[in-house]
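Visitor: Could you take me through this structure? I would like to begin with the overall picture and then go into details.

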Amino acid sequence: MTNTKEHAEDPCPLVSQCRLPPSTRTVNHLADLLRHHLKAIRSRWRILPPGKIAVIVLAVLRHDQRLADMAGGNNVSESTVRRWRDELITLFAAQAPRLDRALNQGGEVVLIDGTLIATMRHTGKADRRNYSGKHHRHGLHFLALTDERGRLIWISAARPGRTHDNTAARHDRILAHLRAAGLGALADLGFRGLDNDVRDPVIVTGFHASRTHKLTPGQKTANRVLAVGRAPVEHGFAHLKNWRILTKLRTDPAHATRLLRALLVLTNFEVNRRRTIYSSGCRPRPA
């Protein structure tokens, strides 16, 4: 066996490119936010321009690019890219509205639903509560509210995947907040029993069929109308889950809560921009 000092592979790093759907306006918004933050804390850890940092963080969030790959392609360390990502996530998560403020933005009806964000499976008994029997996978449960058009207005903290929608809603006192704001909510059958007020219900869940009780034609029609009214909430979740970093989280629940709230702000920023462009009769330029 001959010893040699030659490298087995070419040490020159390969840089891959990816298309970022977020617009230039979103990149500039991230760069301005980072620039003002650095000025406020009088920090000098800037290695690259804020615009370049914004592009790197968006690539990590949108396409779930590995931190080591983004670091090698930009001649920075992996810990630096991680610090940039966590810093911007914290800044955007702070802009997410609280539940009481989100319900005071106008309108008469909101849409409520729960979703499961998949996570990596860990060993030990502590991870068993993250297993969702409904979805047959490990994850974290989030509760979200949208307006009538499907725009996300609030998202809850992360909870174990086995958490029921009703349990999460009771913990966040959703019913009390809705009554205080004078709003109604459309929900699926998973929220049955949350609002037991028959005369003046706040949360409408539709009718449930059983083996002994079949639905009447009128009840079936009411369920179809409710399903049409609830459809935009699925669109809101679809916009949120376009961020591929949510494909399978590899983080703790506290950081997952900040991440989801930061992505809520970014998603609404992009969705509002597109709606403004379409309402003005112009088509958005490709990013």
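Predicted model: local features only at pLDDT ≥ 70, side-chain atom pairs only at ≥ 80, totals over all residues.

Visitor: What percentage of the residues is buried?

Guide: Of the 287 residues, 44% are buried. Buried means under 20% relative accessible area, exposed means over 50%, and partly exposed is in between, with a 1.4 Å probe and protein chains only.

Visitor: Moving on to packing, at what angle do helix 2 and helix 4 cross?

Guide: The axes of helix 2 (residues 50-63) and helix 4 (residues 78-93) cross at roughly 85° and come within 10 Å. Axes are lines fitted to C-alpha atoms, for helices over the stretch in contact, and angles run from 0 to 180 degrees between N-to-C directions. Helix 2 and helix 4 are therefore roughly perpendicular; angles of 65 to 115 degrees count as such, under 35 as roughly parallel, over 145 as roughly antiparallel and the rest as oblique.

Visitor: Which residues make that contact?

Guide: Helix 2 contributes Ile53, Ile56, Val57, Val60 and Leu61, and helix 4 contributes Val81, Trp84, Arg85, Leu88 and Ile89. Contact means heavy atoms within 4.5 Å. By class, the contact of helix 2 with helix 4 has 9 nonpolar residues, no polar ones and 1 charged. Ala, Val, Leu, Ile, Met, Phe, Trp, Tyr, Cys and Pro count as nonpolar, Asp, Glu, Lys and Arg as charged, and the others, Gly among them, as polar.

Visitor: How does helix 1 meet helix 4?

Guide: The axes of helix 1 (residues 24-41) and helix 4 come within 11 Å and cross at roughly 95°, which makes helix 1 roughly perpendicular to helix 4. His29, Leu30, Leu33, Leu34 and His37 of helix 1 meet Glu87, Leu88, Leu91 and Phe92 of helix 4. This contact of helix 1 with helix 4 comprises 6 nonpolar, 2 polar and 1 charged residues.

Visitor: Which members of the largest nonpolar core touch the most others?

Guide: In that core of 52 residues, they are Leu61, Val81, Trp84, Phe142, Leu246, Leu259 and Leu263. A nonpolar core is a set of buried Ala, Val, Leu, Ile, Met, Phe, Trp, Tyr and Cys residues joined through side-chain atoms within 4.5 Å. Apart from it lies another core, of 20 residues, including Leu145, Trp154, Leu178 and Leu194.

Visitor: What does Arg179 touch?

Guide: Beyond its neighbours within four places in sequence, Arg179 is in contact with Asp195, Asp197, Asp200 and Val202. Arg179 is found in helix 7 (residues 174-181) and is partly exposed, with a relative accessible area of 37%.

Visitor: Which residue other than glycine has a phi near 55°?

Guide: Asp64 does, and the value is positive. Most residues other than glycine have a negative phi. Asp64 is in the loop between helix 2 and helix 3 (67-73) and is partly exposed, at 23% relative accessible area. Arg173 also has a positive phi, of about 55°, and lies in the loop between helix 6 (165-171) and helix 7.

Visitor: Is Leu215 buried or exposed?

Guide: Leu215 is buried, with a relative accessible area of 18%. Leu215 lies in the loop between strand 7 (203-204) and helix 8 (217-240). Not counting residues up to four places away in sequence, Leu215 touches Phe207, His208, Ala209, Lys220 and Asn223.

Visitor: And Arg224, where is that?

Guide: Arg224 lies in helix 8 and is exposed, with a relative accessible area of 52%.

Conventions. Residues numbered from 1 in each chain as written. Heavy atoms only, no water. Helix = DSSP H or I, 4+ residues; strand = E, 2+ residues; numbered from the N terminus.
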